[in-house]
Each structure stands twice: as structure tokens, then as C-alpha cells.
Amino acid sequence: MTKVLTNRFDLKGGACDIDVYLKTGGYQALARTFKDFTPDQVIEEVKKSALRGRGGAGFPTGMKWGFVPKESKRPKYVVCNADESEPGTGKDRDLMRYDPHLLIEGMIIAAYALGARDNYIYIRGEYWYIKEILEKAIAQAYERGYLGKNVLGSGFECNLYVHPGAGAYICGEETALLESLEGKRGHPRLKPPFPAVVGLYGGPTIVNNVETLAAVPWIIQNGGEAYKALGTEKSGGTKLFTVSGHVNRPGNYEVAMGYPLMSMVNNECGGIPGGRKLKAIIPGGSSVPIITAEEAEKVNLDYESMGTVGSMLGSGGVIVMDETVDIFETTMNVTHFYKHESCGWCTPCREGTRWLFKVFERMHRYEGRPGDVELLYDLADKILGKSFCPLGDAAAMPVQSAIQKFRDDFDRRIKSTLVQINTAAD
Amino acid sequence: MFSEANEKKLDEIMTHYPVKRSAILPALYIAQDEHGYVTDDDIRYLAKRLDMRINEVEEVVTFYTMYSRKPIGKYKLQVCRTLSCMLMGAEQITEHISHRLGCGIGETTPDGKFTLQEVECLGYCDLAPVLQVNFDYHEKVTSESVDKVIDGLQQK
């Protein structure tokens with residue numbers, strides 16, 4: 001299979017050094033960009049590739065770039081979202097620690113296409129050592145003239161800085177990320193205006209995930225059509241998936257879009273330990289609806305196929321759960337996460353996630369009241385689509401899908417009427 | 001206010017942004033590095049340095065989980081509690097550490113050496129369960145491997 005992103009993974013830390021990167025074809029796409037492409041042609045090529053945002057939303061990248069106005073009084077920015085914090089996802093971590101120059105090269109090409117001089121990588125604070133890897137790689141890129149006042153003699157000035165976050169899931173939401181980069185609390189902004197028009201410091205800004213930007217050099221080198229052809233009609237290219245949970249070989253695997261989910265589980269990941277049976281999979285990070293073992297059998301790893309079973313490809317964080325798992329417990333775990341990470345800005349999410357967790361706690365003690373399962377579902381409904389940003393949806397969807405598909409695990413937590421009568425008699 | 005080296009570092013960081021305030025998150029890491037936590041003096045100093053109001057600094061500090069407003073242990077032991085780590089036995093790891101150090105979740109040992117915390121997803125899902133010690137990671141930890149880590153830190 002053609003690899004776009006993980007060609008240098010086997011070198012492990014080796015590709016962090018610019019000489020190794022150069023020897024293995026690095027920065028050739030950048031040189032080609034200046035030689036053969038106008039900024040508009042770069043955007044056209046990315047549009048042809050059918051590359052979609054790899055952070056979770058799956059928005060077409062070329063289209064996003066196309067929204068940036070050509071003329072702008074304020075400076076434009078390219079910001080890389082390296083705040084990877086969707087539970088189940090650790091792919092950008094490996095992309096950055098094994099091949100930092102690939103991201104840097106992708107960012108320089110994007111900056112050239114959009115006319116951005118100063119650019120930022122916003123990395124989660126917990127990835128501190130990766131921040132240091134990136135900073136070293138950036139320093140090397142400056143030394144060799146890939147960054148700085150006159151990139152490769154083209155006259156284009158490009159600067160790149162790494163900015164650390166400090167432990168807030170919400171900062172993975174692009175407008176909250178920009179607020180955070182401006183030195184404020186990470187509260188999301190009202191959209192529109194979208195960042196492409198009014199973003200960082202009020203200037204047109206493109207925020208792209210690490211994996212999205214890392215695919216750009218390959219697209220420039222091999223053409224948008226070739227990239228698209230690696231995947232399916234609507235989901236171009238390859239994607240990096242993090243598989244975790246109950247598999248023999250958890251890890252990060254790059255496969256072509258449209259690869260069957262169970263082939264990933266059984267081949268790449270060596271199946272489920274101890275010969276146990278599969279119970280459920282969360283296919284795209286904890287925010288997306290859970291799917292059953294039967295659904296997992298018929299679904300492929302691409303945006304459209306995931307939609308057919310009512311779930312989403314999301315960030316590509318595949319969490320595998322075997323038959324020993326109680327879906328009530330796992331759903332309570334992710335609800336705790338969203339309760340903790342709700343930024344507090346809007347009422348449905350701030351209050352809703354707390355109410356959800358309260359009901360979960362009661363049921364956890366096997367003290368659920370009749371109607372509590374319906375109450376959970378209804379509470380989630382009061383959040384879904386009604387919160388200021390998608391964090392609310394991310395909290396609601398796992399709860400609703402888990403109840404729909406694994407109702408038994410929830411019903412078990414309800415005190416039966418009989419027990420209640422006995423307790424009353426005591 | 002900070003050491004000379006750290007003042008220089010902050011000066012350099014401030015050149016990355018068109019507005020001073022953008023440097024607040026990196027600046028708070030520097031403060032924490034110097035004093036172990038973010039002190040009242042740090043907040044006053046950074047407000048002045050970055051053209052912010054004191055309450056603006058305070059609201060940033062309290063929003064982000066990686067800053068502490070009170071003294072914590074020299075080694076922050078953080079066990080990820082989110083789904084993938086939970087599936088791989090994170091709870092037992094936390095219990096084991098808690099038992100061994102005689103210290104509850106969120107507490108610091110009397111000698112001021114360790115603080116035990118449960119944290120949300122650290123991005124090491126495929127290498128679960130994961131323990132973070134300050135800025136270092138320990139992947140696929142077991143009770144035995146955690147014991148070795150703690151043994152090592154206790155000798156330091």
C-alpha cells in the first residue's frame with residue numbers, strides 16, 4: 001500500500017534530523033511548489049485531492065483554503081492544530097515525534113498558498129518533549145533556508161512558532177484554539193465569521209490538523225488526483241488511525257480510506273486477546289456514536305461508510321471493546337471526560353454534562369430510578385444541537401447511541417420495583 | 001523576577017507574537033518552573049510584563065489544568081483515567097500508587113515529594129495505560145513498572 005504519512009516511521013527518531021529527512025526526499029515538494037505552482041494552483045491541487053480535515057470534522061481542506069480572501073488588510077495566518085486531545089487518538093503525536101519536518105514542510109506550502117508570513121503550531125502542553133522536537137526541527141529548517149526571510153530564494157518570508165497549550169480539550173475547537181493563542185481562556189467564538197475570514201488577531205486564518213498538513217507535501221509531489229485515487233471517491237487518500245483498547249497490537253496504522261474496519265482489527269491489530277468476542281467499537285474518538293459488533297463487520301474506514309451505521313470517522317481514534325466490557329461504565333467514563341472538559345461558556349453543555357454525570361453516578365451505585373435511562377437520553381437531547389460549539393454534541397452522541405444500542409447495560413442499573421418495595425418494607 | 005535565563009527565554013518568546021498577551025501560557029510554564037506553582041507574585045509580575053490586568057492573568061491560570069495555584073509535590077504522578085486507559089486497567093494503577101504512597105488522589109505525600117492525580121486523556125491511548133511524571137511518560141505501565149519508577153524517584 002502507498003504510504004503518504006508514515007514512510008519515515010520505521011526510522012523512529014531518525015527523521016527528526018533534517019539530513020535524514022532530506023535524504024529520504026524531504027523538502028522536495030516545497031522546492032517544487034516554488035518552481036511549478038502559483039499559490040492558487042496549490043489550492044487547486046489540494047481541492048483535487050479530496051483531502052478532508054483529519055482533526056475530526058472532515059471538512060474539505062481545499063475548500064477551506066479557498067475561503068481565505070485574497071486581499072486582506074490584516075496579516076493572514078496558518079495555524080496547525082496539534083492540540084490532539086480527542087480520547088482514543090494519539091496519531092498526531094507519532095507524526096510529530098517521528099517526522100516533524102513533514103509537518104513543517106506542509107505548513108510552509110500552506111503558508112505560501114495563503115500568503116501567510118507568521119504561522120503557529122498550537123501543541124497540547126502534555127506533549128512537551130514533542131514541542132522540543134519540533135523546535136529543534138524548526139531551527140534546522142531556518143538554518144537551511146526553508147524558513148525565514150527568503151525561503152529558498154523565492155522572496156517569500158515564512159516564520160513558524162510552536163505555542164504550548166495547557167490542558168484544555170476545548171482548545172482543539174478551532175476558535176477556542178485561537179482565543180487561547182491570543183492569551184485568553186479557551187472559549188469558542190461565534191461562527192460566522194469563520195476563522196478563514198476573521199481569525200487570529202482578526203486576520204484571515206486557516207486552522208488545520210497535523211495530519212491534514214502532513215499530507216500536503218505528498219499531494220504536491222504526486223498530484224491531487226493521485227492522492228484521491230488512493231482512497232474512495234469522496235474520501236480521498238489515506239488516513240492514520242489510532243487503535244486502542246482490546247486488541248493484541250494497539251498502535252497507529254496508516255491505511256487507505258475505505259479499508260474495512262474489521263480487517264484493521266484482525267490484521268493490523270492481530271485481533272482481540274484471549275479469543276474473546278467483540279462487543280462494540282467507538283470508531284472515531286470518544287465523541288462519535290458507538291457501533292455494535294454486527295455493525296463493525298459491514299463498515300469501512302471512510303466518512304461515507306461510517307455514516308451508514310450512524311457513526312462518524314471523526315479523528316480516527318478506534319477504541320475496541322470486548323465482551324467483558326459494560327457499556328454503561330464506558331459511557332459514564334466518557335461523560336466524566338466531557339463534564340470535566342466543558343469550558344463553561346454555554347448553559348446546555350456546562351449544566352447538561354453535569355446533570356448527565358449525576359444520573360450516571362446514581363445508576364453506578366445501582367440506585368437508578370425507573371425512568372432514569374429515558375432521563376439520560378432526554379438530557380442528552382437537550383444538549384444535542386443546542387450548545388454553542390460541538391463539545392455539547394460530543395457529550396450527547398455517545399450517551400444516546402449507547403442507550404440505543406446497549407440498552408441492557410443501562411437497564412441493569414435501575415433498581416427494580418421489587419427491590420424498592422423490599423427496601424421500603426425494611 | 002525570574003532568573004536571568006528565564007527572563008531571556010520570556011523575552012524571546014514574546015517576539016513570536018504581535019501582542020504581548022499571547023505569551024501568557026508559555027510565561028506561566030516559566031513561572032511554574034521557577035516556583036513549583038504559580039504564585040501571587042507571579043500573577044502580579046506577569047500582568048505588568050504582558051500588559052494584562054491581574055484578573056485576566058488569574059482567569060487564564062484557573063482555566064487551564066496544567067497550572068497550579070498552590071504548592072504541589074516535586075513529582076506530579078498523573079494517571080490517565082479516560083476510556084482507553086480505563087479499559088487497560090488504569091484504575092488499578094492509581095489504586096496501587098495511592099496504596100504504596102499512602103496518599104489519596106489529589107493529595108501530596110507529607111515529604112512533599114509526590115502528588116498523585118487522575119487526569120483526562122493524555123493522547124497515549126494506543127500505549128495504555130499511561131503514567132505521566134512531570135513531563136515524562138511511562139507507557140503500558142503495570143504495578144511492577146510503576147514501582148520501579150517510584151523507586152527511582154525516591155532515590156533522587
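Student: Okay, so Ala, Val, Leu, Ile, Met, Phe, Trp, Tyr, Cys and Pro count as nonpolar, Asp, Glu, Lys and Arg as charged, and the others, Gly among them, as polar. By class, what does the lining of the second largest pocket have?

Tutor: Keep in mind that this is a predicted model. In it, the lining of that pocket has 21 nonpolar residues, 17 polar ones and twelve charged ones.

Student: What volume does the second largest pocket have?

Tutor: Its volume comes to about 1200 Å³.

Student: And which residues lie nearest its centre?

Tutor: Of the 50 residues that line the second largest pocket, those nearest the centre are Gly55(A), Gly56(A), Ala57(A), Gly172(A) and Glu173(A).

Student: Which elements give two or more residues to that lining?

Tutor: They belong to chain A: helix H4 (61-66), strand S1 (77-82), helix H5 (91-98), strand S4 (205-209) and helix H17 (391-405). S4(A) gives the most, with five residues.

Student: New topic. How many disulfides does the structure hold?

Tutor: Zero, over all chains. Take Cys171(A): the nearest cysteine sulfur belongs to Cys343(A) and is 8.9 Å away. Cys171(A) is also buried, with a relative accessible area of 0%.

Student: Is Cys349(A) buried or exposed?

Tutor: Cys349(A) is buried, at a relative accessible area of 5%.

Student: Now chain B. How many helices and strands are there?

Tutor: Chain B has seven helices and four strands. Reading from the N terminus, the order is α-α-α-α-β-α-α-β-β-β-α.

Student: What domains does the assignment give for chain B?

Tutor: Domain 1 covers 4-63 and domain 2 covers 75-154. Their C-alpha centres lie 29 Å apart.

Student: What box do the C-alpha atoms of chain B fill?

Tutor: Roughly 50 × 35 × 25 Å, taken along the principal axes. Chain B has 156 residues, and 55% of them count as buried.

Student: What is the mean pLDDT of chain B?

Tutor: The mean is 97, and 100% of the residues in chain B reach 70 or more. In general, where pLDDT is low, the predicted coordinates should not be read in detail.

Student: And which ipTM does the predictor give the complex?

Tutor: The ipTM is 0.97, and the pTM is 0.96.

Definitions and conventions:
Residues are numbered from 1 along each chain as its sequence is written. Chains are lettered from A and ligands numbered from 1 in the order in which they are written. This is a predicted model: local features need pLDDT of at least 70, side-chain atom pairs count only at pLDDT 80 or more; totals for chains, interfaces and linings use all residues. Side-chain values use heavy atoms; hydrogens and water are left out. pLDDT is the predictor's confidence in each residue, from 0 to 100. On a 1 Å grid over the protein atoms alone, a cavity is a set of points where a 1.4 Å probe fits but cannot get out, and a pocket is an open set with protein on both sides within 12 Å along at least five of seven lines; lining residues have an atom within 4 Å of a point. Grid points are joined across faces, edges and corners, and a volume is the space filled by probe spheres set on the points. Domain bounds come from an automatic or database domain assignment. A disulfide is a pair of cysteine sulfur atoms within 2.5 Å. Buried means under 20% relative accessible area, exposed over 50%, partly exposed in between (1.4 Å probe, protein chains only).
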